[in-house]
Amino acid sequence: MFKKLDKMLERYDKLTELTGDADVIARMDEWKSYTKELADMQETVEKYREYKKVLEEQTAAKELLETETDKEMREMLNEEIYACKDRLEKIGAELRMLLVPKDPDDDKNVIVEIRGGAGGEEASLFGYELYRMYLKYAERNRWKCEELDSNATELGGMKEVVFSITGKGVYSKLKYESGVHRVQRVPETESQGRIHTSTVTVAVLPEAEDVEVNIDEKDLKIDTLRSSGAGGQHVNKTESCIRMTHLPTGIVVLCQDERSQTKNREKAMRIMKSRLYDYYQSKYQKEYSDNRRSQIGTGDRSERIRTYNFPQGRVTDHRIGLTLYTLESFMLGDLDEMVNALQIADREAKLAAGNDEE
């Protein structure tokens, strides 16, 4: 581990020198690449420098202990040596976590797709509440949201909603939300007060950049349709709805949120690129090795990942066995405790997998 850290420290110092070079700054693309690499290393390098400083303090205390004869001073030095030992163990564990390979998609923006599953209207209503929950979480993180497509119900639910979230580190936090979300509560439409169980599926896709997904126009079939659903007199009168089909994979995107056919086509293409990027990435990872994939971060979307129990005010994540009795604030976007726990569990699983391979 320390050989790897020494090489990283050497590279960090070199990059610091390069990013301050006027000739490199003039080559903007190269300079941006170096500054990004520098930023990615910064936390690990700072932690390693802290480790080296504590190690120096421990070594100095040991050297003094060899020549010190005063009893009280020897006791103080021994205490300092043991304190340094505890700090080195703690920092060493943090360094091992920081050396876990970073997901290359972590800094990407995302496209989130929420669909009502089992439970009819109650599933659609909960789908809307999940949508609102993610909007509030995005607001807490100062991320920007844009609705790309939706299919609302008469009672205020959402059979389906597709939206984008842009900002710093969005995918690194929201990638754990993909899967089946189960809700247990008494629906407003239930007259006898019985608890119902409904499900909603969530898919979080890293938004693909143009250079990552190249779509051949010959592989696309694009149909224009009349919009359906809530929307006033305009709906069903003009063919503004776009249905885009990627023929090689069979992936279909339907976009009817905008009145403009051109805008719907642009949004459909954004969704299509992200779905294709996710499709090919998932296929590659599965072929590469199922065992290398963390089930926390990339679990099957048909897997039940979380239960929201309203009568008991609790939310449980089944992948890590964590239950929080803060359902009300959780639904208002207070997801940090859950997200942090998932990130730690994901890193630990990857670290353990890396140790097994070694």
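1. A pocket here is an open set of points on a 1 Å grid over the protein atoms alone, where a 1.4 Å probe fits, with protein on both sides within 12 Å along at least five of seven lines. The model is predicted: local features need pLDDT of at least 70 and side-chain atom pairs 80 or more, while totals for chains, interfaces and linings use all residues. Residues are numbered from 1 along each chain, and side-chain values use heavy atoms, without hydrogens or water.

2. The lining of this pocket (residues with an atom within 4 Å of a point) comprises 34 residues, with Asp-40, Lys-102, Asp-103, Asp-106 and Arg-347 nearest the centre. By class, 15 are charged, 12 nonpolar and seven polar.

3. H3 (28-67) gives the largest share of the lining, seven residues. Helices (DSSP runs of H or I, at least four residues) that each supply at least two lining residues also include H1 (2-19) and H9 (336-357).

4. Eight strands (E runs of at least two residues) form an open sheet with mixed pairing, in the order S2-S3-S1-S5-S4-S9-S10-S11. Its edge strands are S2 (144-152) and S11 (322-324).

5. Within this sheet, S4 (residues 179-185) and S9 (residues 304-309) pair in the parallel sense over five bridges, pairing requiring at least two DSSP bridges. Arg-182 stands opposite Thr-307 in S9.

Definitions and conventions: Nonpolar A, V, L, I, M, F, W, Y, C, P; charged D, E, K, R; others polar.
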